[in-house]
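Here are my notes after a look through this one. Have the viewer open while you read.

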Amino acid sequence: MRLRPLAFLCLWPIAALAQGFSGLGTDAEGFAVPAPNPSFSFPADHGPHPDYRIEWWYLTANLTDPDGAPYGLQWTLFRSALAPGEGEGWQSPQVWFAHAAVTTQDTHLATERFARGGIGQAGVTADPFRAWIDEWTLEGADVDNLTLTARGPDFAYDMTLTADGPLVFHGEGGFSVKSIEGQASYYYSQPFYRIEGTLTLPAGRVPVSGTAWLDREWSSQPLAENQDGWDWFSLSFDDGSKLMGFQLRQSDGTDFTSSTWIAPDGTSTAYPSGAFRAEPLAHSTVAGREVPTRWQVALPDRGVDVTISTLNPNAWMDLTIPYWEGPVTMSGSHTGRGYLEMTGYE
Amino acid sequence: MTRACLSALMSHWRRNPVQIFAYLAGLALATALWSGVQAINAEARASYDAAETTLGEAQFDRLVSRQGASIDQDTYLALRRAGWQVSPVIEGRLGAVRVVGIDPITSPTGFGALDAGGPLPLDFTGPAQLFANAQTARDLPDDVTVTLTPDIASGVALGDVGIVQRLLGRDDLSYLTVAPMQPMGRPDLATVAPTLRLQPAQQGASVAQLTDSFHLNLTAFGLLSFAVGLFIVHSTIGLAFEQRRPMIRTLRSLGVPLNTLVTLITAEMLGLAAIGALIGIVLGYLIAAVLLPDVAATLRGLYGAEISGTLQLRAEWWLSGLAIAVLGTAAALAGRLWQIARMPLLASARPRAWVMASGARLRVQALGATALLIAALALSLFGQGLMAGFALLGCLLIGAALLLPVLFNWALAHLQTLAKGPVWGWFWADTRQQLPTLSLALMALLLAVSANIGVSTMVSSFRTTFVAFLDQRLAPELFVQVDDAAQSARLEAFLTQNKAEILPLLSTKAQIAGQPTDLYGVRVGQTYRDNWQFLGATPAPWDAVQAGTAVIVNEQLARRADLWVGDSVQISPDLDLPIAAVVGDYGNPHGQVVLSEDLFRTLHPDLAPLQFGIRTDDTDQLRAQITAALGIPDSAMINQAAIKAMSLAVFDRTFTVTAALNVLTLLVAGFAILMTLLTLADLRLPQLAPVWALGLTRRTLGRCELLRAVALAALVFLCAIPLGLALAWVLLTIINTQAFGWKLPMYLFPADYLKLGLYALMAALLAALWPATRLMRTRPSTLLKVFANEA
Amino acid sequence: MLLELDDVHKSFRDSETRVPVLQGVSFTLAAGQTLALTGESGSGKSTLLHIASGLEQPDQGRVLLSGTDLTRLNDRARASLRRSEIALVFQQFNLIPSLTVAANIGFQARLAGRADQDHIGRIVTALGLSDQMTKYPEALSGGQQQRVAIARALAAKPKLLLADEPTGNLDEGTAEGVLDQMMHLVAATGAALLIVTHSRLIAGRMDRQLHLSRGRLT
């Protein structure tokens, strides 16, 4: 029943594109649009940007238990605005929703939450940092030291996170172009978290530890009209270097790609479209769909040519907005762990 | 050939305009009543569905204030922040409209009816915008922007919780719906929101169920009138076939193949049936449009069910009307076509319509009737369930209808032997001779009259019982509703100080003996002891209740859970109490358990009484004092007299509808008689001409025709009384018990039956008036043609 | 004189035009006399018989029964006279289908208030109907039905018996027998008989014969 309103929420990028890209910093409905050469101001920019249509705080983690069994964890808070700006109480145009998931080799548990802005049910403050919806929280004195919690009908987790490196800015200093036409978002990450805590699963409580990656992104028009979906990779190699790469699949069969190479010390290099390549090697039937679950990923400039395997091919987020999100491992030129998100396979 | 045959067949109607009128009008009337009633039912059902989907909340548990007050928005947020998956709802009134505000983002139902495809109400940032149907929209203030949404229940406007809060000038919530999926590790309600309690979803007590009894009445009427209409159609078809036998014989001997003839006749009759049915649907729409406001008022008053006062042309009723009319015609046609197919080519062309009913045929009919009545008896003794109840009704009615000609034949033969003088002897003999042709119309009249007796007995019995029940239950002169525990305590203190007898009522919902039940705590006192009458009780039920050692349950709970006086019910996990008495309860379909006030308070220490009954000699003065001293608004109080007046007004509305349907079914039955007599008129001439020639004037013959109709109607009425009472008995003791859980005592209303009998005689007299007048004015030469040489 | 017709005129409306049927017919019939009325089909014989019985009213002229002018009486008085003084036998549909043979035969006599069981018994025996008394008319043959009609007519002891082709629907042999019995009984009861027929044989057995042609007696 509530699928329709939410499906409507998800349709807004198309609607925005129909309005055209004005290039004047706002679109026709009054939303701000990202501009090149951004200058971020922290901690304020860890908080929400209500003048932009959509924004997220997107955390993924690769974990292991004391026996060495691998786990994946996701916690995402989305903000979606019906109109730019904030409003009083129920009149706020901000709608919040969140996804949480835990993936093991043989199960994938996911759940979601919804909230209206303005009344205190959900929101983000920058200083101290605090992102919440219902009883789910991601909070701490600053973004380098956080606690994380989420609960669903059949799982829960409580984690602590500590950042060991700097923020990484994608694209041109955080201005991440998403299409040839120039659609773009503001996009930065904190990929250097150490994470530990407890997963509560149907079988019982499991102490786990590992690494986590936080993505921050906000925009008003992330997809071009001819783009069907994306495949997004965050890879942490065993040698300490990291790679963020995504491709936007276009209806003519070509892809728009973007990637960032992150050295172990956090210095980063952004690559334009075409530098990063990802080809599906094998598909799995997941929730009645064919989804690629083995990939060949390459960034020749850095000598990366790896085969990506999913920990659990059935990591389907069967929520109001369905997509695939789960932990991966890689072999080939590099080894390591990471996360894969695939949308548009509906 | 087809065209020639068809025009030959149709020429019969041109020669007999009365017959085609009877055929079309019979079908039209039958379809009109049926589809009119169906239209009303469909409209009501659509309204209930709209109410269910608009609010859609009955299926979810709720959190409500323990004190019956509203809920702070902070409490809602505290629950959400603790992990409780709840969604806010605010309800209030803007004038006559019930305004419901929900949060579409968290609601487990979303905007229900709106989901069907209307514009989505996501723009909660904009100006005050509500969703309502056109009728409700007119009752809303002008400054509210209304998006017209036909699927929303009448009397309800829907909007975003924030917008409704603004419109109502409030910042609180009415209740919270609890989503079915809840996270693990959620804290207890008591630790997060101690002022709230969980109210389980109401199972099986929807508005539709409540009002079923009322619609059952309407449907019964619709079906009976349709049956009556089909009798008309059946006899018209029969006559048309008898009269067209010579033509059919001629056509066949001229070489028209049997198949062609059968096809043509089928096409002709069904085509005409469709025309009649369409006329009927138009008439049915008019009937429904006229009756709907009264029906709507009845349902609103009786059950608080809002139904739309405007009628829509819904396929479900007009298509069903058309289909059932054509099918009914086809059924009547099939037997006749079978006869044609088997008819020897040169069979006698002499119409057989008035051949004396042979003893054999009557014997078969008597056997069938006996079998059906025995089946009815067996069903009434051993039948289980609602379907058995309806089967019983069917067997009873059809059996009685079949028996009617047999009884009449016997009675008329008897009257003939008793008759003094040749004219009376002839009168009864002639009446008896006409029985086979008139019997269908007489059966129709029997069904109409007995249905009227049955239904009006049921409705009147219900009214009598309900009024007595109101007198029992509404003994206190004044009723006051308070908002919260504090107000409740202040009111009680104030009344105690004023030495008024107070009857506080504590209530909560519970699941008892597997049934959703209202649990009541009452202060046992003289008022209860004096006024409550029980269907079954131990010697001193109130003493046991007062001592907390027994409970009283209502009939609904007793019947559904198969409990009676002396059985034990579990009131709380560690308390079982015996039933001291079972009380008749005609105000609602829910189960009820009555405890003493003390026991109730022990079980539910945090509930305060929110309703008070007060015994007082001066209601007006006390009302004024309560308002002045406690600030309780006058609108929260109601006089006993006002409630009674309201309830009776509701019943009078019910009677309006019932009476209108009574008159309509009688009219249809009267019409059946009229049409039969008119179509028979020409065939009657050879029977009457010799009597006339022998020295009875045409005037005398005409009077005899009138007298005959009245005599037959009187006989029908005599048969209809026992049948109608049997019908009422089945409706009251079997159908009602199965459908609604209460058994109603049956009362007799002889004056009403007498009036009805008078109406039936009048209907018959009016029906015979035209044919009799026609007979009186028949020219002698027309009568003399009977004797004339055929050559 | 029992029956006297004086300058009787009658015409019928046939859509727009008036068709004259009787144009000034006059004759008399004395008690105990028998009279045959013959003529072509459509010559007006049946109409003349209907007017003589008071079933129809003439447009002009007088019909006197034992000196009473039927044309001056109202419907009820004429019906009353028909009950007590006149009996009719038609070609068909004489009988009341809902009554038994016995009830049919006794019907007019009881209407007239002079049901004489001995008299009726004699007539029934004479007509050979004794075995048929409990049957209904539809169970009888055409000849039997006409015998019942004659029995009924004579049972009431009428002064005047009017018969319109009483044997017209019967085969020759049956017709002969029925006529014989009727003539015999008429003679025995002393009634006057006016019979409409196109059979010369039948006409020849009457005291007098009148021929009707185009509405006039010739």
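Predicted model: local features only at pLDDT ≥ 70, side-chain atom pairs only at ≥ 80, totals over all residues.

1. Chain B has an open sheet of eight strands with mixed pairing, in the order 6-5-7-4-3-9-1-10. Strand 6 (145-148) and strand 10 (196-199) of chain B are the edge strands, each pairing on one side only. From one strand to the next, the twist averages 30°.

2. Which strands does helix 3 (residues 73-81) of chain B touch as it packs on the sheet? The answer is strand 3, strand 9 (175-178) and strand 10 of chain B, and the helix direction makes about 160° with that of strand 3 of chain B.

3. Helix 5 (residues 161-168) of chain B packs on the sheet too, touching strand 3, strand 4, strand 5 (129-132) and strand 7 (156-160) of chain B. Its direction makes about 135° with that of strand 4 of chain B.

4. Last, the chain C side. In the contact between the two chains, 30 residues of chain C meet 26 residues of chain B. Helix 1 (45-53), helix 2 (75-85) and helix 3 (101-112) of chain C each give two or more residues to the side that touches chain B, with helix 2 of chain C supplying the largest share, six residues. By type, that side of chain C splits into 13 nonpolar, nine polar and eight charged residues.

Key: Residues numbered from 1 in each chain as written. Chains lettered and ligands numbered in written order. Contact = placed C-beta atoms within 7 Å. Helix = DSSP H or I, 4+ residues; strand = E, 2+ residues; numbered from the N terminus. Nonpolar A, V, L, I, M, F, W, Y, C, P; charged D, E, K, R; others polar. Pairing = 2+ DSSP bridges. Axes fitted to C-alpha atoms, helices over the stretch in contact; angles between N-to-C directions.
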